Amino acid sequence: MRPPLITLPPELQDGYLVHRAVLARGLDVLLLPRQVLLASQSDSDAGNISFVHGVPEASTVAGVTHARDKRLRRYLLNIAKLPTPPGITFSALGSRSLDSFIAKVGFPLLLTEAIGENPSRRTNEIWNKADLLAAVSQMRKLPEDQFLPARSLVASAYGENILSYVEDEAGERVAPPHARLLIEKIMSGRYLRCFVCGGECLAAVEFEASTRMPKADISAQLHDGFKSIAVRTANVIPGLFAASVDLVLEDPSKVPESQTYYIVELLERPRFDTYMRASPELGPVLADALLVRQAQRSSVPLGEPAKSAAVRVRLEGLPDPSGLLPMLKESCDAMGLSGVVNVSDPVEGVVEGQIQGAPDEIALVMEALASGIHFGQRTAAIDEWQVQAEHQSGFRIA
Amino acid sequence: MLKPTTSVEEKTNGATNASLTVTIARAMTFDQPLPVRLPESAQANFAVHLEGGTGKAVHGVAEGLITRLEGLPVPARLLPVAEQACSKLLRQDLQPYRMGFPEWLWPVAEEMCRQFCGRSISAGNIDQSLYDASDDAAQALERQGYRLLAIGLRAVAQNNLTDSHTRRSGRRPDLSLSIRKRILHRSLAELLDVFAYALRRLVNEAASHGTDNHFGQYPEHWPNSIQYSCCFPEPPLPSLHGMKANIFSDAAFLQFHPKDATKGHLLEREALAFGLSVLRLPSGSFIAYDGKGKRLNFKWSRSPVSSAVALALCSHKDATRARLRRCGLPVPRGRIFAGRDYEQAASYAAHIGYPVVLKPAAGLRGIGVVSDIKNEKELRAAFKLLAQSELGFDDFILEQHVHGKDYRIVVVGTQVVSAIHREPASVTGDGMHTVLDLMLYKNKLRSLNPHLRRRLIHLDEAALYKLDQAGLTLQSVPAKGQLVQLANSNNISRGGDSIEAVDELHPSIAEAAIRAVEAIPGLGFCGLDLLLEDHTKPFDQQTAAFIELNAHGAIGTGQYPVWGTPRNVARKLLLYSAEKEGLEVNDTPAANLSLKLTIRGRVGLAYPRWLNSKAREFGLTGWVTRKDATTLEAVLEGETAPVAALVNAAVRGPGGSVPYWVKAERVPHEAYPEFDMKGLEALLPDYVVSPRMALRSLLSPGVEGPKVG
């Protein structure tokens, strides 16, 4: 595979890998804004399967909503007798509780939003109260894309639209005083992330302690007891078909009952990019496993994975369809994709054609177009219909 | 012909003697002064608006119009002055009051204001006149069953006093202080001061023909902070083809719930009624379970029967349009544009033709939506409105405006359960009241509807835009029957009206709605917005277009329509969810519940007192007791609606408490005689007058005071 010219940010990797798996398995695709992907068999009444940011259709609205509420998550884990680090949620109005909490648990601490993206905005390790208060003030500042729900690359498309804000002394929009934050003690130990799908723990990677970056695939070494704990954790919230569970523990190969461990994260998004950093093959493998399980649940048959694909495409809603074509040709040439495209409707911004090559590259180009990355403009919808490959030499503009 | 009783020259000297009698009369308009001579049938009318609340300074405005100067020889030269004085706004700021104007005191204030109508207030002794008027108000209130127990305490209806209250307080109900004794709550006293001062100024102005320019227009958007308002005579109640607006028996139990609580609460109520247990969590979430391992989780109306994908697709309006179009369903022609790309959008509008609609691509609650834009000039104005909204920098859609009536059709599974016809926020003129008064009055009606009480008509840029389009202002008096629109969209959240029409819905329209829902994978509950010419005619014989699909549409819209027969949308959704997830539920809903609550969190002394108070207020029996430092247990027995409402409220509790969660499980009915605080009786409140007030009552001759407990 040639090195891609297009680089997707981490938040788009899940959707990209699932898109890639769908194309490799011979399904048609309708790609809509914010990585909503509908896949179906050509000329079949088998129905659709769908994903958003790689989150499968079997994950419910209620499930992902509850997973994003860290206070609620903590309560449910505690009710299920699954250990969590000491922590409290608080608002700017109730920050007096911080003093007693700090006195009780000490430092270092981690501050995050109590409701929001998973993983949410968070601080580095906090070692004193002054830094904590500064972090609280900083955390209240709203991210720029808070008010850009239609085009944000970071905000989940199913998230709650929180448009409430107040203005601080500098006139900047900040979260209202009642918005909650979560502070937790950072526990020492080995940091793991496990991918759970359809009631099964499929993989586990370990993070480097100092950098908090994934370093190794430990799926084979992980004790079955911890796999069960990961599955139990995902089941604490009804309606999460796939999830990543983070644990801090002493020894992943030993039985859980013999050691201290904590559940520190429950992510409704797979976060395949983190698994890939530990082992590059893991991302595509896990995405394909996710696709297979969702397809089984939806009774949609899948073909065997293929190394190449040919699709007829329709790109809709482009602001400057003619301007796109040279850039598209340049990227496709560099990535080894062949095909032909032309502008079929300049008023509605439609480009049509055929593209063939590796599913990885086709998916990458389409995801970039749908997200507005690399090409400087964004589609409103992309159709990809699987066709028989034709002899194409290079990529041309008709 | 004016008939003065005293000479105006006395007034000219600046002395406000008891020589000028004025009558508070009609509400006025800023546009032009009303004629001094009124028809015989003119009624006294004025309005009082108060803003602010607890913790904020309270400002008051009294509007009034003096149309008769009785008992005063008014020289001809003064008539224009009197007219000018008549058309002024009377305003005086109340002194900042730490506690604000207590909500429970407003009915008392409103009754006092009602007593002022048509009365003659002696201009030379306004204070006495107003206080005398307040005596009449006190008598009227007592006839309604009110009685003040003591200064600063809650005014309770007589029949709410139970024997146990009397026993605990150690005093008889007749040892009470009432307004008659002129010892008034500070807020009421200050309210009267507002009138008095304003009237004194008006009298002085009329007498001295001053040119004070303090009076004038309302500050911009000030009306949005009006918290209390009354207007006499009251505008007629809104009606629809002779139909009165719906009144809901459970409204009283839901009044203190937050805005979005009705969505989750209604589902939880149905879950409890059908025999499920509930784990109630903060922020509108709960989990219902059958005790056999099956669970349903909800947050507001985010349900387990719809996928996250479906929500993501439906919340982007262009994605929805793209999908429905591909499935052969009618949608308006349009496309999406990057934020602020107005020039390309304007070109596109010229290409597809007007009228058009402009809206954010992933908006909600009608924010930034402008419909029926007829030309480029209006489009440019609409761009400005969009740019000023919270989503002004985000992608937006420009599409053809489809003429038709707006419907919100609710589909659960494969069944249409509700079809609400929505109309934009509006008021209907009666030739007498201003737009502001009509708006405030309609909001009073809306505040009685559990779903609409926090979805009031709001004076925002869109409302001002619509008024401007109609050539009106807030102070205009619309003609009788004139419809004045106050919003750009039909959203209920923007003050829109709702009329239930599902019984008349043509079957082909229902089928089309179901097809639209089935076009979205994983969508089990949906509120579709559909434009139709006539909901009784076949779908394919009229212009129709799907505008948007809402994957967590408000349950309350169908459950609490303003007009028409309400539908139990929550019940349909709960039962469908239970069936889909395999939960066992009872065959019929229970009319009464007996629940054991476990309340965990920071629930100190105030919490059981609060629970005791609320349970009694709701007419429930049972008990509450402390299990340990962070856990309370309680049993609630009573009718389903109030029991469920209190379970929902239990996860919030009184101020200062932080409940983590509340578990509610069915227990056998025990027929408790009342609600008790087991082992916590020492926490019960006692009715005690402060020592300062008790001393004052002792030192004031002729004033009875309560015995200090």
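Which residue of chain A forms a salt bridge with Asp395(B)? In this predicted model, the partner of Asp395(B) is Arg151(A), and the closest N and O atoms of the two residues are 3.7 Å apart.

Across the interface of chain B and chain A, the rule finds 7 salt bridges, together with 29 residue pairs in polar contact, both residues of each pair being at pLDDT 80 or more. On the side of chain B that touches chain A, at least two residues each are supplied by the strands β13 (285-289), β14 (295-299), β15 (334-337) and β29 (658-666) and by the helices α9 (308-314), α10 (317-326) and α11 (342-352) of chain B. Of these elements, α10(B) gives the most to that side, with 6 residues. When the residues on the side of chain B that touches chain A are sorted by class, 26 are nonpolar, 13 are polar and 12 are charged. The contact takes 51 residues from chain B and 57 residues from chain A, and the two chains bury about 4500 Å² between them, of which 59% lies on carbon and sulfur atoms.

Within chain A, the assignment gives domain 1 (10-57 + 301-397), domain 2 (86-185) and domain 3 (187-297), and the pair examined here is that of domain 1 and domain 3. The C-alpha centres of domain 1 of chain A and domain 3 of chain A lie 30 Å apart, while 18 residues of domain 1 of chain A are in contact with 19 residues of domain 3 of chain A. Between them, these two domains of chain A bury about 1600 Å², with 69% of that area on carbon and sulfur atoms. On the side of domain 1 of chain A, the residues that lose the most area to domain 3 of chain A are Asp14(A), Leu17(A) and Pro56(A), which together account for 31% of what that side buries.

The polar part of this domain interface can also be described. Between domain 1 of chain A and domain 3 of chain A there are 5 residue pairs in polar contact, both residues at pLDDT 80 or more, and the rule finds 1 salt bridge across the interface. A salt bridge is formed by Asp288(A) and Arg25(A), with 2.7 Å between the closest N and O atoms. The side of domain 1 of chain A that touches domain 3 of chain A draws at least two residues from each of α1 (10-24), β3 (48-52) and β4 (55-56) of chain A, and the largest share, 9 residues, comes from α1(A). By class, that side of domain 1 of chain A has 10 nonpolar, 3 polar and 5 charged residues.

Over all chains, the count by this rule comes to 45 salt bridges. One further salt bridge joins the side chains of Glu265(A) and Arg73(A), at 3.0 Å from N to O. Because Glu265(A) lies in strand β14 (residues 262-267) of chain A and Arg73(A) in helix α3 (residues 70-79) of chain A, the pair ties together parts that are 192 residues apart in sequence.

Notes. Residues numbered from 1 in each chain as written. Chains lettered and ligands numbered in written order. Predicted model: local features only at pLDDT ≥ 70, side-chain atom pairs only at ≥ 80, totals over all residues. Heavy atoms only, no water. Domains from an automatic or database assignment. Contact = heavy atoms within 4.5 Å. Buried area = accessible area lost by both parts, 1.4 Å probe. Salt bridge = Lys/Arg side-chain N within 4 Å of Asp/Glu carboxyl O. Polar contact = N/O pair within 3.5 Å; in protein donor to acceptor, adjacent residues only side chain to side chain. Helix = DSSP H or I, 4+ residues; strand = E, 2+ residues; numbered from the N terminus. Nonpolar A, V, L, I, M, F, W, Y, C, P; charged D, E, K, R; others polar.
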